[in-house]
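Here's a quick tour of how this one is held together on the inside. Have the viewer open and follow along, topic by topic.

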Amino acid sequence: MQPLATILFDEAHSEAWTIRAALAREMQPAHPADSSYALAAAALQGQGFAVTANADRALDDGTLAACDVLVLAHPSDPAWERTTGSGSPRLTAGEIDAIEAFVTTGGGLVVLGETEQEKYGNNLNELLARFGLHLENETVQDYEHNLGAPSWIRARLADGGRGLVGDLLARVSEACLYRATTITRDWDSRPPTPTARVLARAHDTASAPGAPLIVSSEHGHGRIVVLADSDLFGDDCLDQLDHRTLLTNIVHWLSCSRGGAAITAGRAQQAPAAWGRLRDSTNALALRQNADGSLHGDPGEASDHVEAIVAALSELAPRFPHQTRYLDLAIADLRRWAADGYGKPDFTVSLDAFRPERERRDGVEHLVFFPMYKQNGSRETCFEALLVRVPWPDWIAALERDRYDNPKFVPVELLDCTRGYDSECAVLFPETVSVAERAINNFGAIFCDREAERLRRVAGGAIEELALNLPPDCARLLADPALSQEAYILWDLIHDRTHSHGELPFDPFMIRQRAPYWMYSLEELRCDLATFMQARQLESEGIAFGRYVQYAIVLDRLLRFPITGTRVRNYDGLGGQLLFAHLHGLGHVRWEDNRLTIDWEHVGDGVAALHAEVAELYRRGIDRTKLGHWAAGHDLVAARVPPAAGSRWAAAVRQLDDDADPRTFIDQVLADEFPLSIFYSSLQAKLAA
């Protein structure tokens, strides 16, 4: 995978810490950990960052252009500390100017101070004055709140932030600073920005009661974090309390200020003129089709559109050599539709030749032309044309090949489309194409860019409205289109595969059976919960990207699914309601003081518990009648999400007859069998736009 960002540890200014293990052994032969940030560097690499040391270059514009976050870890005169030994601990005036410009334009900066700051001979305060902050010349002691010595002070943590900016203290409940100074605002130079936030203070029992120990701030387009001690991220201390999480939170938060690169810019205008003619002629023809795809209106005018489409497809074909046979057959199917009198279209032959799953190459583009309906959109059939591109990075290809075999799965980006796809539809499935008999199921294409955009837009709006405590790496997911899209690719890869894996009492995709809509809800939720568990396993094995998939599932399920779409048999929405109610009942989701708080430490355990319960429902399904299984599914949902008043499926009033046709009982299901809670109906109203 591409690194999330590049983190530069400066070691060219006589720092007391190094990320290079060999140098740490030279600095402290008896105990290298006293000079080593090697574990800190490894922790960041494990999160997907590139980490490097600056051994001898000036911190000028050229050096800083190669990184996203700069770390200044306690520069010191060698008279006071064992140091990296290169250069002066003092930054030049030019370097201070360059660092300020770096932050102003979106860079991140970490400054780690030390007790009795003035004696070390550095000029960090000249740099910090540019941001309205100052390291004092203190040694804080606390005889009541410490970690074994009065100068090893336990910090009093504050609010780490809410909303899309991210919570710097997510999963951080304890931190210790070893021989710390304090941080003040440098009003004499310039005031800090209004975004300055004190993340940790000394306790009131300390020698400097309530003094700031960790401060974050924004400056221009960039961000800075200042800490009053440097030992807490050293090898000896990184795994004490929650220091490791604090470090990774800080770096995620700082690097997120630059955001992610847009991934769709300029695509539509790169398309040739023939594509525009194909799109416009297809739109015009679609306006003359009945609900089943047959023609209404003037056949002569339709014939003109057909010929324009044929000409455009023929002109575009050389750009898609891997689709030569399909495009020839699509033209033949279109001409046959016209020759047979413009009845219901039958594109069986060309659909059989459309095989995007055989061309899963990163960046390959496909031209699509079919009569079809849109899932989550109109059920009327009309001609549509699409330009799509396949994102298939090597690391995804490797996971599919070695672990999550799913030969029909195709992630796509929607480059341009006809009018019918100006909708919420995010899939291209064979069964949506108009054919005479049952469609051949060769592929399943998911518009991962659309899914990711909706996550960022809808869940992002909910996060701001609810002031959610969002971990910084999750905030990055919502700020970075490329990152969120890749999270969706992996999510969909595993989810789609899961439909046909596990203990399945009936048709796993539920295409050929009619069932109450909560059974579809449970099936989709089962696959998402199983995907969450797989992503959790990937993270435990050192594949940090698994955490982004977990975030995407939780946020989309909790904050988007329930409030989007019609309330008539909204099975995706019901799955989100069920997950929310389950986590809320366990205390992993809390609504207090008009703010939503997720217990990120334990939410995974809550998801695992619901996954086990749904899996048990499925395991026992083969021992039940169809009606009994549907009733058990209703009971599982109703235990958390109350059914509507008047429900005839509620356990207290349910009357089922296993000898009767089970389909007749589906007619007793209310259109909105499980209405929205007060929480969701209120959120839906606030996010209606």
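This is a predicted model: local features need pLDDT of at least 70, side-chain atom pairs count only at pLDDT 80 or more; totals for chains, interfaces and linings use all residues.

A salt bridge here means a side-chain nitrogen of Lys or Arg within 4 Å of a carboxyl oxygen of Asp or Glu.

**Salt bridges**

- Back to E400 and R360: the pair links distant parts of the chain, 40 residues apart. E400 belongs to helix 12 (residues 394–402), while R360 is in the loop between helix 11 (348–353) and strand 13 (365–372). Both E400 and R360 are buried.
- D528 and R557 also join up through their side chains, at 2.8 Å from N to O.
- For a pair with other surroundings, look at D204 and R156, whose side chains meet at 3.7 Å, N to O. D204 lies in the loop between strand 10 (197–201) and strand 11 (212–219) and R156 in strand 7 (residues 156–157), so the contact ties together parts 48 residues apart in sequence.
- D204 has 58% relative accessibility and so counts as exposed. R156 is partly exposed, at 33%.

**Aromatic contacts**

- F347 and F370 form an edge-to-face pair, with 6.4 Å centre to centre and 75° between the planes.
- Where do they come from in the chain? F347 is in the loop between helix 10 (324–339) and helix 11, and F370 is in strand 13, so to speak a link between distant parts, 23 residues apart.
- F347 is buried, and F370 is as well.
- Both rings belong to one aromatic cluster, made up of Y326, W337, Y342, F347, F354, F369, F370, F383 and F443.

**Charges over rings**

- R223 lies over the face of W253, 4.6 Å from the ring centre.
- R526 puts its charged end over the ring of Y618, at 5.1 Å from the centre of that ring.

**The second largest cavity**

- What volume does the second largest cavity have? It comes out at about 50 Å³.
- Its lining consists of I7, F9, Y37, L44, V71, V110, L112, F233, L247 and V251.
- Sorted by type, the lining residues of this cavity are ten nonpolar, no polar and no charged.
- Strand 1 (6–10), strand 4 (108–112) and helix 6 (243–255) each supply at least two residues of that lining.

Note on methods. Residues are numbered from 1 along each chain as its sequence is written. Side-chain values use heavy atoms; hydrogens and water are left out. On a 1 Å grid over the protein atoms alone, a cavity is a set of points where a 1.4 Å probe fits but cannot get out, and a pocket is an open set with protein on both sides within 12 Å along at least five of seven lines; lining residues have an atom within 4 Å of a point. Grid points are joined across faces, edges and corners, and a volume is the space filled by probe spheres set on the points. Helices (H or I, at least four residues) and strands (E, at least two) are DSSP runs, numbered from the N terminus. Ala, Val, Leu, Ile, Met, Phe, Trp, Tyr, Cys and Pro count as nonpolar, Asp, Glu, Lys and Arg as charged, and the others, Gly among them, as polar. Buried means under 20% relative accessible area, exposed over 50%, partly exposed in between (1.4 Å probe, protein chains only). Rings of Phe, Tyr and Trp (its six-membered ring) pair if their centres lie within 6.5 Å; planes under 30 degrees apart count as stacked, over 60 as edge-to-face and the rest as tilted. A charge sits over a ring if NZ of Lys or CZ of Arg is within 6 Å of the ring centre and within 35 degrees of the ring normal.
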